Amino acid sequence: MAIINVQEAPYNVQLDGIFDASIAVQQAIDDLVRQGSNGTVYLPGSNQPYFWRYPVFVPSNIRVLGDGMTTRLRVAISGDEGRCAFVVGNSREWNRARRDALVASKVRGTLRNDAFVDIPFQEGRRLEPTDSRIRSRYASIENLFIDFDYSAARSQSGGYAIQFAHTANCFARNIWIRNATQGIGIGNDMEGSTPGCVETWAENIYVESPNKLSSYYSIGFIANSNRCYIRNAESYDPVDATTEHGSLASIANSNACRLEQIRGNVGRGQTSEGILINNSRACTVDMAYIENARVGIATHFYTDASRGGIINSAYPNLFRNIVVRNSDTMVQLSSKYDQFENVRGFGNLTDIFLNLNATDNRIRNSTTDRIGKAADVPSLTWVLQNNIIGPREAKLTTEDTVVHPLHYLMPKSHDGIRAFNQNYISFNGAINCRVIIPLQVLGIFSLKSFRLYYTFYAGSDAAQSSIVVNIYRRLTFDSNISAPLEVLKSATAGPTGASTQDGIIDLEVGALRAPGIAKEIIIDILVNNPVMHSMLKLGRITSYVNE
């Protein structure tokens, strides 16, 4: 395999801040291609940066290699000057022929070339490596520091570090990035036609600082693509409040793509999402740590089938092992069929925020204490009944029965209590008494039914006694302000005559399984007891077994 060192003849790259290294590096790549060689273009490390004024295009079987952080590219390319430091592949928006024309004319400008035909928008999610429209295979960019310096550019933002366009089996690895509007681009999402990628990836991506004027996705963006991923990436310098957009990473209009080990301090930019999954299926977000965002995890899909059509219950997106800290919202749901497992929030204002089109999502073993809704959602009850939300999801197939003498759940002294016994509680006359059972103290997270055994003693005035049972849930809770309790089930029992009577109040609450919020399930027993005629014996609580 041929190796070209760009500091050697005939390229003789100079690191003086004036010599345009991008011209020489492109020439070295083109020479390898003309030789029919699968080769490496090597940029040795130095204490001075390589000056970069034009995008460099990387075709099939070419490796661009540096020495890590000591191979620093000072890139003076803004959004309307070609945008990218590197383009792997070719496309209408980032076009090689257009780049060559600009270089020949010694001017800079957009790389758009409408004569080039892209993959149609959303068709990229079905792209395979054998597709004839693939423009680059088995190419890589490794061990470089890409630093955008717009002092010699037309604007102060817009640069992309590495853009993959119509690629298969290509990758970027060990890349440090500073001041880019977007770090890694894999495909794109322009409607009509736009590049797509398959089995293309980026790993070990370190964003020293995003562009503070405009930062689309400081780590990276996957769109119109199939089986691609970004893994082990971080961005810890937050954007400013005035930064346009200001998010970390996203997948859009794609199939079976992944974001793994994503870490970042996002900052409160205009949109400021940690991770966005938009109109995609079978995608995975795994092991993410996000802090200081407007929204930690955001989901979206097109309700218009002509624009979307990718959402399918058989191919849900999966979010798991995620921590969101000190953000406005942990998870914002505008999606269908997404699954969340072990998503934890600390110090967030809201855990789950539900929009009108959020249906058929499953949130399991995650923080769900603080729930909010969009203004167009009729009620939390309405949207929660269409989703499974709770710290644990219960199984319907097996049940766990918890039997407790009710006195174990009550304080040891109460004016209304006459006697404790292993088998019952009896009450003094003329004092009403309330038994409150918050089910979290029993470790119960999904209630199926509650059965209360009681006795009314004989007496001509026993008819004045009654027992009222209410089962409540609270749909939102933030440890300071609680929303009103909602009555799920209610029943009242009283004696039908003057003789001693045993009875049962039996309440089935199976519907609580799907929308119930675990720590806010409450059983409330009110004993109206103007005379000494009431006894509570056992409360039998039947719950679904938690996964």
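Which residue in β22 is the bridge partner of L276? It is A298. The model is predicted: local features need pLDDT of at least 70, side-chain atom pairs count only at pLDDT 80 or more, and totals for chains, interfaces and linings use all residues. Residues are numbered from 1 along each chain as its sequence is written, and side-chain values use heavy atoms, with hydrogens and water left out.

β20 spans residues 273-278 and β22 spans 295-300. Strands here are DSSP runs (E, at least two residues), numbered from the N terminus. Two strands pair if DSSP finds at least two bridges between them. β20 and β22 pair in the parallel sense, over five bridges. β18 (residues 244-252) also runs parallel to β20, joined by four bridges. There, A252 stands opposite N278 of β20. Six of the six residues of β20 are buried (under 20% relative accessible area, 1.4 Å probe, protein chains only).

A search of the whole structure finds one cavity of 30 Å³ or more. On a 1 Å grid over the protein atoms alone, a cavity is a set of points where a 1.4 Å probe fits but cannot get out. Grid points are joined across faces, edges and corners, and a volume is the space filled by probe spheres set on the points. The largest cavity has a volume of about 40 Å³.

Lining residues have an atom within 4 Å of a point. Among them are I277, N278, T299 and H300. β20 and β22 each supply at least two residues of this lining. K336 and D338 also line the largest cavity. By class, the lining holds three nonpolar, seven polar and two charged residues. Ala, Val, Leu, Ile, Met, Phe, Trp, Tyr, Cys and Pro count as nonpolar, Asp, Glu, Lys and Arg as charged, and the others, Gly among them, as polar.

Methods
On a 1 Å grid over the protein atoms alone, a cavity is a set of points where a 1.4 Å probe fits but cannot get out, and a pocket is an open set with protein on both sides within 12 Å along at least five of seven lines; lining residues have an atom within 4 Å of a point. Buried means under 20% relative accessible area, exposed over 50%, partly exposed in between (1.4 Å probe, protein chains only).
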